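Q: Hi! Could you walk me through this one while I have it open?

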2 protein chains.
Amino acid sequence: MHSGLEAVRKQGLTVHCTDVPEVRVPRAQVYARPEEIGPVDWVLIALKTTANAALESLLPPLLHRETALVTMQNGLGNEAFLAERFGVERVMGALCFVGVNRLAPGVVRSFGRGTISVGEYQGPPRARTEALAGAFHAARMESHIVDDLLAERWRKELWNVPFNGLAIAGGDVTCDRILADAALMELVLGLMKELLAIAAACGHPIPDSYIDFQLSRTRPLGAYQPSSLLDYRAGRPVEVESIWGEPLREARKVGVKAGRLEALYYLLQWLTAARTARKPDGN
Amino acid sequence: MHSGLEAVRKQGLTVHCTDVPEVRVPRAQVYARPEEIGPVDWVLIALKTTANAALESLLPPLLHRETALVTMQNGLGNEAFLAERFGVERVMGALCFVGVNRLAPGVVRSFGRGTISVGEYQGPPRARTEALAGAFHAARMESHIVDDLLAERWRKELWNVPFNGLAIAGGDVTCDRILADAALMELVLGLMKELLAIAAACGHPIPDSYIDFQLSRTRPLGAYQPSSLLDYRAGRPVEVESIWGEPLREARKVGVKAGRLEALYYLLQWLTAARTARKPDGN
């Protein structure tokens, strides 16, 4: 849990950027336990969704009556998870469209500036939504307010499901190779169409043209390795449930057939479990 | 094409059996080209379906007016392939339920006796069907005559599609490990249900209980490696089109959704092509 804590405490945080000078935060405020922090106005949650169970004990020391919980995590179901345990009123979400890798404890590489979309889990944007977007702006992060946070999550799933999934199931495949292969592209498109059907049945219609948009923004990424592939390779947990399991469960709830998603989900469950069985040092 | 020809010509054919004494055929009649054989009454076709294009030149020298073509090959579409090129009247099929591995040129290992089902491509069994089954019997092979050959092919697909497919897509998995994993078994059952729906829509209804039968006959196989997995590992062509491609195309013709089969088909297309790209010595 505390990987990097000591390094950041001693050396601060360094972010190597591709388009702006290096960013350094010499004295970052870092803590090992939430009890050392106490109640706060905002909690930005960046935990892997595979560790969500830990939030049940991590969050209570941070809460006052008005504390907002902002899940910046991947996939679906994280807002509902928080709402069920800490009250729907507290829950907000943010989607990070960024490419970042941790090079070493306290050292991060950022590929371009990226953007953050923020929104309310329930209901339209309000004062606190503006305040959060404003705080990101003040820190020179491009941010947007979205009216329908869950629709935005489905839009991101449209990319994560096929590209993160096939990168692993295809046997270690980068985005450019997926885009160049006719068979994998048939499967990418088939998965995207299933997701559009599920999202629409869940009340979040996305226009078909969004598929082309997602593909066109993937081409410039070149030999990009989706984050789940990096996790898989490194023996770290892969967010199988939040990225693939949750949309499949939504499909079943609304009665939409999603056979391709189902096949990919079960294969990824098996592949990630089999990998952990092979590598006892995987965490 | 002629692997083993010289060895069989010199040493004959040896079959190691698990339940009966070794079988030896000291002087096997083998030929390099069909022109050396000339017209015959029966042609038993045991070529890999990935080499079907070669049949267009291999078969004509063997044909007289009444020659019967018996495809003993895997998957779907082989009878139609032959009927289109050589006339529907000639075409028969046989399904081999056997476990055999070639240990060396001219040396085969057989796991148990197995059975052969024979039938007509079009119409009910007739005199030649009985004659073929009788010839297998006379050679001490258990054989059956089937009234609906294509229904029998679909029944075999019910096993080949999930077990051959997941053995490769799951990353080199034997049958016992597939049976023991909850996620892979969900996918096995989902694939089997899709195949039942396609077969029924194609006019070959198979009772749901056949799923349990197929699973119960898989358990005793233990750590069995499906033949497609052996082909894949050895860098030989995998029969992707006849085992997975054909049932998918049938599903599309009859308008049955088969998303799991589609996902598996495209993944196998990619995995086998990617493997060939990695191994330029693969044939």
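Q: Which strand is β1 (residues 13–17) of chain A joined to, and by how many bridges?
A: Four bridges join β1(A) to strand β7 (residues 107–110) of chain A, and the two run parallel. Strands here are DSSP runs of E with at least two residues, helices are runs of H or I with at least four, and both are numbered from the N terminus. Two strands pair if DSSP finds at least two bridges between them.

Q: Before we go on, where do these numbers come from?
A: This is a predicted model, so local features need pLDDT of at least 70 and side-chain atom pairs count only at pLDDT 80 or more, while totals for chains, interfaces and linings use all residues. Residues are numbered from 1 along each chain as its sequence is written, chains are lettered from A and ligands numbered from 1 in the order in which they are written, and side-chain values use heavy atoms, with hydrogens and water left out.

Q: Thanks! Back to that pair: what stands opposite H16(A)?
A: That is R109(A), in β7(A).

Q: And what order do the strands of that sheet take?
A: The order is β2-β1-β7-β6 (chain A), an open sheet of four strands with mixed pairing. β2 (23–25) and β6 (100–104) of chain A are the edge strands, each pairing on one side only. On average, neighbouring strands of this sheet are turned by 20° against each other, direction ignored.

Q: What about the chain B sheet, what is its order?
A: In chain B, four strands make an open sheet in the order β2-β1-β7-β6, again with mixed pairing. β2 (23–25) and β6 (100–104) of chain B each have a single partner strand, so one side of each is left without a neighbour in the sheet.

Q: Do β1 and β2 of chain B pair in the parallel or the antiparallel sense?
A: Antiparallel: strand β1 (residues 13–17) of chain B pairs with β2(B) over three bridges. T14(B) is opposite R24(B) of β2(B).

Q: Which face of β3 in chain A is covered?
A: Strand β3 (residues 42–45) of chain A has V43(A) and I45(A) on its covered face, and W42(A) and L44(A) on the uncovered one. In a regular strand the side chains alternate between the two faces of the sheet. β3(A) runs parallel to strand β4 (residues 68–71) of chain A, joined by four bridges, and V43(A) sits opposite L69(A) in β4(A).

Q: How many residues of β5 in chain B are buried?
A: Six of the seven residues of strand β5 (residues 91–97) of chain B are buried, so β5(B) is largely enclosed by the rest of the structure. Buried means under 20% relative accessible area, with exposed over 50% and partly exposed in between (1.4 Å probe, protein chains only). Strand β4 (residues 68–71) of chain B pairs with β5(B) in the parallel sense over three bridges, with L69(B) opposite V91(B).

Q: Let's switch to helices. At what angle do α5 and α8 of chain A cross?
A: Roughly 55°, and the axes of α5 (residues 149–169) and α8 (residues 209–218) of chain A come within 10 Å. Axes are lines fitted to C-alpha atoms, for helices over the stretch in contact, and angles run from 0 to 180 degrees between N-to-C directions. α5(A) and α8(A) are therefore oblique to each other; under 35 degrees counts as roughly parallel, over 145 as roughly antiparallel, 65 to 115 as roughly perpendicular and the rest as oblique.

Q: Which residues of α5(A) are in that contact?
A: R155(A), L158(A), W159(A) and F163(A) in α5(A), which meet residues of α8(A) including Y210(A), I211(A) and L215(A). Contact means heavy atoms within 4.5 Å.

Q: Now T218(B): buried or exposed?
A: T218(B) counts as buried, at 0% relative accessibility. T218(B) lies in helix α8 (residues 209–218) of chain B, and its contacts, leaving aside neighbours within four places in sequence, are W159(B), F163(B), C175(B) and L179(B).

Q: Last one: where is I178(A), and what does it touch?
A: I178(A) is in helix α6 (residues 175–180) of chain A and is buried, at 0% relative accessibility. Not counting residues up to four places away in sequence, I178(A) touches F163(A), L166(A), A167(A), V173(A), L184(A), M185(A) and V188(A).
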